[in-house]
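The exercises below take a reader who is new to this structure through a few of its features, one step at a time. Please look at the sequence and the structure before reading each solution.

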Amino acid sequence: FKTKRRHTLDYIRQYPHLKSRTNFFSSVLRTKNVAAVALQSFLQNFGYIQVHTPVLTTNDCEELGDLFQVEPESYFDSSPAQKSCFFGTPVFLTGSGQLHAELL
């Protein structure tokens, strides 16, 4: 990846760890940051709060649990009798933050 040369966007996408060092993508990231901060500030001035819903949950939201179940790496290497889940219960990547937002 030569920084002095002008590369096409398709070429730059092959090196995701270097994208933010290019003028184009760093400008896009700064613009997105300013827009996100402005939106958050605007909404907070009107009494809204930002809720960060959990990424891991024991709820099988929207029946996506079969697709997004989180299991320890040793889960696949162990015998059926030794298989255990994280936290002692099945854990899923959340399919929806709506359930948590409704509780507020």
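**Exercise 1. Place Phe42 in the chain, and find the surface group it belongs to.**

Solution. Begin with the secondary structure, where Phe42 has its place in helix H2, residues 23-45; helices (H or I, at least four residues) and strands (E, at least two) are DSSP runs, numbered from the N terminus. The model is a predicted one, in which local features need pLDDT of at least 70 and side-chain atom pairs count only at pLDDT 80 or more, while totals for chains, interfaces and linings use all residues. Residues are numbered from 1 along each chain as its sequence is written, and side-chain values use heavy atoms, with hydrogens and water left out.

**Exercise 2. Describe the surroundings of the ring of Phe25.**

Solution. A search of the whole structure gives three aromatic pairs, where rings of Phe, Tyr and Trp (its six-membered ring) pair if their centres lie within 6.5 Å, and planes under 30 degrees apart count as stacked, over 60 as edge-to-face and the rest as tilted. The ring centres of Phe24 and Phe25 are 5.1 Å apart and the planes stand at 85°, so this pair is edge-to-face. Phe24 is partly exposed at 46% relative accessible area, whereas Phe25, at 13%, counts as buried. The charged end of Lys19 also sits over the ring of Phe25, 4.9 Å from its centre; this requires NZ of Lys or CZ of Arg within 6 Å of the ring centre and within 35 degrees of the ring normal.

**Exercise 3. In what order do the strands form the sheet, and which strands stand at its edges?**

Solution. The three strands form an open, antiparallel sheet in the order E1-E3-E2, two strands being paired if DSSP finds at least two bridges between them. Strand E1 (56-57) and strand E2 (69-70) stand at the edges with a single partner strand each, so one side of each has no neighbour in the sheet. E2 is joined to strand E3 (residues 91-93) by two bridges, and Val70 stands opposite Val91 in E3. Phe92, also in strand E3, counts as buried at 12% relative accessibility. In the loop between E2 and E3 is Pro90, which lies 33 residues from Thr57 in sequence and 8.8 Å from it in space, C-alpha to C-alpha.

**Exercise 4. Find the partner of Asp10, and compare how exposed the two residues are.**

Solution. Side chains of opposite charge can pair when their charged atoms come close. Asp10 forms a salt bridge with Arg13, with the closest N and O atoms 3.1 Å apart; the term needs a side-chain nitrogen of Lys or Arg within 4 Å of a carboxyl oxygen of Asp or Glu. As for exposure, Asp10 is exposed at 56% relative accessible area, while Arg13 is partly exposed at 47%.

Note on methods:
Buried means under 20% relative accessible area, exposed over 50%, partly exposed in between (1.4 Å probe, protein chains only).
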